[in-house]
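Hi,

Here is the structure I promised to pass on. Have a look, and my notes follow below.

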Amino acid sequence: MANTVQADLAVLTGDLISHGRDPLEDCIAELSQLRAPLGIWGCHGNHERSAAVEARAQVLFQRYGMHLLRQQCTELSWRGGTINLIGVDDQHQRPRAGEPSPMLCGIESLVRRDIPNILLSHNPIPLIGPQRWASS
């Protein structure tokens, strides 16, 4: 059904499995049937982290012709322009009372100021306060 939409880009934002006993390769093989001219791109969710299958999933993504971004970015050419696609692993850090959120700490180096950015994150909960972007 997803392929009938004829999307330019397909993205997966984690939790491909529920626990380590789930058939990770079968899931990734099935998802590799998605079709999009800009490719199939993904990032990890908390279930990949808790099942300790992050490295295995990365190998399987490559094997099946998909791309997994782990604190990485890539430029995609689209309709005569360029998009910066950013992917981060599950953000499991939680803020302590009265402290700024550690979510997406260090992402600044991946963000481009000259082209649109798309962030793939399993849990983009209050990431960076508006005051932080306002000063950029």
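Asp-114 is exposed, at a relative accessible area of 55% (exposed is over 50%, buried is under 20%, and partly exposed is in between, with a 1.4 Å probe and protein chains only). Its side chain meets that of Arg-112 in a salt bridge, 2.5 Å from N to O; the term stands for a side-chain nitrogen of Lys or Arg within 4 Å of a carboxyl oxygen of Asp or Glu.

Before the rest, some housekeeping: this is a predicted model, where local features need pLDDT of at least 70 and side-chain atom pairs count only at pLDDT 80 or more, while totals for chains, interfaces and linings use all residues. Residues are numbered from 1 along each chain as its sequence is written, and side-chain values use heavy atoms, with hydrogens and water left out.

Back to the charges. Arg-112 also forms a salt bridge with Glu-75, with the closest N and O atoms 2.3 Å apart. Glu-75 sits in strand S4 and Arg-112 in the loop between S5 and S6, so this pair ties together parts 37 residues apart in sequence. (Helices, H or I with at least four residues, and strands, E with at least two, are DSSP runs numbered from the N terminus.) Both partners count as partly exposed, Glu-75 at 47% relative accessibility and Arg-112 at 25%.

The structure holds seven salt bridges. Another one joins Asp-90 and Arg-49, at 2.6 Å from N to O. That pair links distant parts of the chain, with Asp-90 in the loop between S5 and S6 and Arg-49 in helix H2, 41 residues apart. Here Asp-90 is buried, at 6% relative accessible area, whereas Arg-49 is partly exposed at 30%.

Now the sheet. It is open, has three strands in the order S4-S5-S6, and its pairing is mixed (two strands pair if DSSP finds at least two bridges between them). S4 (72-78) and S6 (117-120) are the edge strands, each pairing on one side only. S4 and S5 (residues 81-87) run antiparallel and are joined by seven bridges; Gln-72, for one, has Gly-87 in S5 as its bridge partner.

What about the inside? The largest nonpolar core has 16 residues, and Leu-24, Ile-28, Ile-40 and Phe-61 have the most contacts inside it. By nonpolar core I mean a set of buried Ala, Val, Leu, Ile, Met, Phe, Trp, Tyr and Cys residues joined through side-chain atoms within 4.5 Å. Strand S1 (10-12), helix H1 (24-31) and helix H3 (54-63) each supply at least two of its residues, and H3 gives the most, with three. A second, separate core of seven residues includes Trp-41, Cys-43, Leu-76 and Leu-85.

H3 is worth a look of its own. Glu-54, Ala-57, Leu-60 and Phe-61 are buried there. Down the helix axis, the buried residues of H3 fall within an arc of 120 degrees, so they line one face (the arc is that of the directions from the axis to the C-beta atoms). They pack against S1, H1, strand S2 (40-42), helix H2 (46-50) and strand S3 (67-68), a contact being heavy atoms within 4.5 Å. On the other side of H3, Ala-55, Gln-62 and Arg-63 are exposed.

Just after H3, Gly-65 takes a positive phi of about 75 degrees. Gly-65 lies in the loop between H3 and S3 and is exposed, at 52%.

Cheers
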